[in-house]
Structures are given as C-alpha cells and as structure tokens.
Amino acid sequence: MPYTSTTVKYNEIQSIRNGAASTVALSLTNNFFTVFAILVLGATDYQISLISSLPSIIGMCAMLPAAIYINRLERKKEFTVYTLFLTRIFLLFMVFIPFIKPSLSSWIFVALIGLMNLPGTFLNLGWQALIGDLIPDNRRNTFFGKRNKYLTFIGMVVTLLVGFCMRGVNSKSAFPYQALFFIAFLFSLVELYYLKLHKEKPVKTEKSNYQSPFSKRIFKNKPYAAFLICGLFFNFGWQMAWSLFSIYQIRYAHATAFWISLFTVSNQISQIVSYPWWAKMADKWSNRTLLVWISIGMALAPVLNILSINYGYLLFINFFSGFFVSGTVLILFNSLLEVSEEEHRTSYIANYNFLLSIVAFIAPQVGVYLLETFSMNTSMVLSTICRGLSALFFIWMGWYLKTSKEQMKEYNQQINNM
C-alpha cells in the first residue's frame, strides 16, 4: 500500500530535521578532520590520502552483507537507527586521540575514520533504502532539492561559526578539536531521535532469483549498466583530487582552520543557491543531459584551483565549484534511483556503492602518487582531464540508452505483428 500524502509530508519533515542534526554533527567534524590530522597530529600526505580512501575499502567489505541483510528486512528504520548510533559513537572515541603517544596518534586517528565506515556503510545503505521507500518517485527531485538546500545552509552556518571560534585559537592546540568531536556526538543523538520519528510500513519481502547485488540480471539492465560505467569513471576523476585540494590549501597556501572554514562556507553558499535550480532543470530536461554539463563544470575546478594561493581567489573558486557539486550530489543519486528496478532497489544501490568504494579507495591514492611522483600541477591537470572526459561518457550513455530503447520498441512491434 502506498503512503498517503499526509504521511509522505510528515516523513519529509522528519527527514529534514534528522538531516539537519546530521549536518551539524558532520560539519563539526568532517570539515576539520584533515586540519586536525596535519596541524595537530602531524600526519603525512600518505596518511591524508588514507583519510579519504580507507573508509571506502572498509565500506566495500561491508557492502555485500549489508545489502543481503537489508533486502530481507520488512522494517528498515529500526536497523538504520542502530547503525546510526554505532557509527557516531566513533566521534566520542576521537576525543581521546590527543592523549595517545604522538608517534601512534595519527595512525590511530586514520584507523578510527576507516573503521567508522563499517557501521557507516550499513547506515548509508539502510537510509537510502528507507528513504527510497518513503518518498515516491514524483516527489524526489523537488524534495531532495529542498532538503539539500536547507541542510547545506545549516552546514554553512555551523562551519562559519566554528571558523570564527577557531580564529583566535592556537592552530596546533588539540582541545578545540576535542570539543568539536564531543559536541558532534551530542548532535548525533538528536539525529537519532528524529530518525526514530519516521513512519514506516512493513514491506513484505519476497524471494527473488536475483536479490544478490552481484546478480547477472542487474548488469543486464542496460540503463543501469550504462550509468554504472559512466558514473564510476566520473567519480574516479572527481575523487582523485579530494586529498589534493586539502593538501594544496593547507601545505601550499598555508590556510588555517579559519580559512578552511571560509572555503567550505563559500562552497556551501553556492550549493544553497543552486540546489533548487538543479531540481527544476532535472524536471525540465533530464538527469542524463545535466550530467554532461556537470562533468564539464567539475572538470574546471582542479586546474582553476592551482592558479593562485590568494585566499580571496580560492574563496571564489570554491564558490564556483559548489554550483556543480550540488548538481553532482542531486543528479547522480536521482539517476541511480531512476535506472534501478524499484522491487530490487537495495541491490542496485549496494552494487553501485560497492563498486564506487573500490574507485573511492584507488582514486585518492592515485592523486597522491601523482603528487609525489610529479607535482601538484600535474596531478590537478590530470584530474581535470578525467573529469572532462566524463562528459563524453555521459553523451555516449544518452545515445546508447536512446538507441537501445528504440531497438526494444521495434523488437516488441515485430513480436506483436507475428
């Protein structure tokens, strides 16, 4: 039985509240993980790359059992609540990192970030499957555009406030970061509360011959297979530069926690402004068309970033890239839901996230390898090239799916005429 419009609206409100608390918790921590690792713990470039890539490989190991288990659940909310608590409790562990022997603290910090993604993988997959059930297809572009806009604004305000609070603090002092980790854990409890308020109907699970995320029938779904090829290639070019941006801003431009927060806020302001626009454009045109333009826009960010270390210029570049980041987040997720069979959506999401985890582990390592082997400029330019090529991949995807649809239509007509 589908949800009534009243229930859908109620769940949307709770989802926004839950997301708001989650955004506060993550903005207090994720935005400052790298700064804390470099300035306080003295982490190396290789350890910084692991902060980006280690969670992905751990998530990959958890993806298959998570998908199999979630597929069998009649109620996904309770499972998501438990995994949320197990994930966020790692923030409490991070409070005690500075008390550990300096030679070990940076490695333990990297390990905690990686291990946090073990329950985090179950959490993300459970939430995606849950929200996919609760929000109908015709509401997704509008709702996620609205939700992402609100959450990005909240993240911007929190990041800005933290940046100003950190302005007069010794950049190498551990206490401010310990306070951030503890406050973030408290907000995660609020996040958990609003997640529990969602209204969910039990979903009767039926046995299927392709419940596995690696069933051959999943890959035989032509729209999904085409999206998978293009999406993974795009993510490789995108994530290859993740560690490089942080290293460039902190080691090359010598940005403090205050300026890092301003760069993040600049990026988030752009996302707030552009989320509704991307949602409208997705309804007007199509997700496939927008992915081409998103790839081109995202391709410009790495090469533009290295043209100067002037803080004002870097603020502008972060604002520019934020416009396309919002499109990437919204359109990629909606495209995944669009090409997935509704009955087995969890399996499709798990398959995509599993393969994406492999890319997310390799890409930052490749980026840092290019940095150490050649230079920052070379690694950033190569990231730009990969991102730019993604536009060609998405153009091919649109042509391929259109051709496949026409061929299938002709085939069905021939069958009917026999």
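A residue counts as buried when its relative accessible area is under 20%, and in this predicted model that cut-off can be applied to Gln365, a residue of helix H14, which spans residues 345–373. Because the relative accessible area of Gln365 is 19%, Gln365 is buried. Leaving aside residues up to four places away in sequence, the residues that Gln365 touches are Tyr46, Ser49, Leu50 and Ser53.

From a single residue we can turn to a pair of helices. Two packed helices are described by the angle between their axes and by the distance between those axes. Here the pair is helix H1, made of residues 5–29, and helix H5, made of residues 102–134, whose axes come within 10 Å and cross at roughly 150 degrees. Since angles over 145 degrees count as roughly antiparallel, H1 and H5 are therefore roughly antiparallel to each other. On the H1 side the contact is made by Val8, Asn11, Ser15 and Asn18, and these meet Trp127, Ile131 and Leu134 on the H5 side. Sorted by class, this contact has 4 nonpolar and 3 polar residues, with no charged residues.

The next topic is open space in the model. The second largest pocket has a volume of about 300 Å³, and of the 15 residues that line this pocket, Arg140, Asn287, Asn334, Leu337 and Glu338 are the closest to its centre. Several helices take part in the lining of the second largest pocket, for at least two residues are supplied by each of helix H6 (137–166), helix H11 (257–284), helix H12 (287–305) and helix H13 (311–339). By class, the lining of the second largest pocket consists of 7 charged, 5 polar and 3 nonpolar residues.

The model has 2 cavities of 30 Å³ or more, and the second largest cavity holds about 30 Å³ of space. The residues that line the second largest cavity are Arg288, Ser335, Glu338, Val339, Met397 and Leu401. At least two of the lining residues come from H13, and at least two come from helix H15 (376–417), while the largest share, 3 residues, belongs to H13. When the lining of the second largest cavity is divided by class, 3 residues are nonpolar, 1 is polar and 2 are charged.

Definitions and conventions
Residues numbered from 1 in each chain as written. Predicted model: local features only at pLDDT ≥ 70, side-chain atom pairs only at ≥ 80, totals over all residues. Heavy atoms only, no water. Axes fitted to C-alpha atoms, helices over the stretch in contact; angles between N-to-C directions. Helix = DSSP H or I, 4+ residues; strand = E, 2+ residues; numbered from the N terminus. Parallel < 35°, antiparallel > 145°, perpendicular 65-115°, else oblique. Contact = heavy atoms within 4.5 Å. Nonpolar A, V, L, I, M, F, W, Y, C, P; charged D, E, K, R; others polar. 1 Å grid on protein atoms, 1.4 Å probe; cavity = no way out; pocket = protein on both sides within 12 Å on 5 of 7 lines; lining within 4 Å. Points joined across faces, edges and corners; volume = space filled by probe spheres on them. Buried < 20%, exposed > 50% of the residue type's maximum accessible area, 1.4 Å probe, protein only.
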